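Welcome! Open the model in your viewer, and let's walk through it one selection at a time.

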Amino acid sequence: MKASDIMTREPVSVTPEATIVEAARLMLQHRVSGLPVTDGKGAVIGVFTEGDLLRRIETGTERRRSRWLELLVGPGRLAGDYIDAHARKVGEVMTSEVIVAAPGDDLADIVDVMEKQHIKRLPVVRGGRLVGIVSRADLVRALVHSLAKEAASGAGKAATDEEIHGHIVGIIDKEPWGPRFSIEVAVKDGVVHLNGTVTDDRERTALTVAAENVPGVKAVRDHLVWVEPTSGFVVGAEGETR
């Protein structure tokens, strides 16, 4: 999928001259946690987010430093603290170094950027102008749409136990984490039984997830035993899961 497939088009934005109050009201009104900041030509010059409102004198949350720490951080940092607490315009507190995406960028690349840069949204720019925004909420909507579409397409399709078994085994053989030599998969009337041992309890969950994603599976029964490789400590399944 591309950014253009899921982005919010014509997103709400503000100018750097907008007041903090105006921007905050826009975020509340449109239920967003951040706004792109644009100039008169529609070019993105910054981002204003809820994080810019955390340290405010009005709420008594302005940053307070001890006297000795004030001497260490220097006047520049202290001036920045004062701006965060007292600024009246968006342009005074916005993040100016903005990472943007293009409409044709892959979602995988966008998510990589979000994770590495610890950001929640990317403005989408075409020809130097803001045309959309991709946020975590947009990714969630895309996920829900895909899952609903997948469920609808698979509804009513019957699968034999042999087909289910083959599909699950194929997933395990393909995945690098798959414990293909230490587990057995049995299927009866659409119910999957996982037997054998794993050396990391996360493999247990991954195997259950793999089975749950196979069309025709009605339930998954976990009979796996976790063997801690260093100590040899053994932990069995707590009971049948999902």
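**First stop: helix α7**

Select α7 and look for I164, I168, I171 and I172, which are buried (under 20% relative accessible area, with exposed meaning over 50% and partly exposed in between; 1.4 Å probe, protein chains only). Helices (H or I, at least four residues) and strands (E, at least two) are DSSP runs, numbered from the N terminus. This is a predicted model, in which local features need pLDDT of at least 70 and side-chain atom pairs count only at pLDDT 80 or more, while totals for chains, interfaces and linings use all residues. Residues are numbered from 1 along each chain as its sequence is written, and side-chain values use heavy atoms, leaving out hydrogens and water.

Now look down the axis of α7: its buried residues fall within an arc of 100°, so they line one face of the helix (the arc is that of the directions from the helix axis to the C-beta atoms). Turned away from that buried side are the exposed residues E162 and K174.

Click V185: beyond its neighbours within four places in sequence, its contacts (heavy atoms within 4.5 Å) are H165, I168, I172, V192, H193 and L194.

**Last stop: a sheet**

Select β1, β5 and β4, an open antiparallel sheet in the order β1-β5-β4 (strands pair if DSSP finds at least two bridges between them). V124 has G132 in β5 as its bridge partner.
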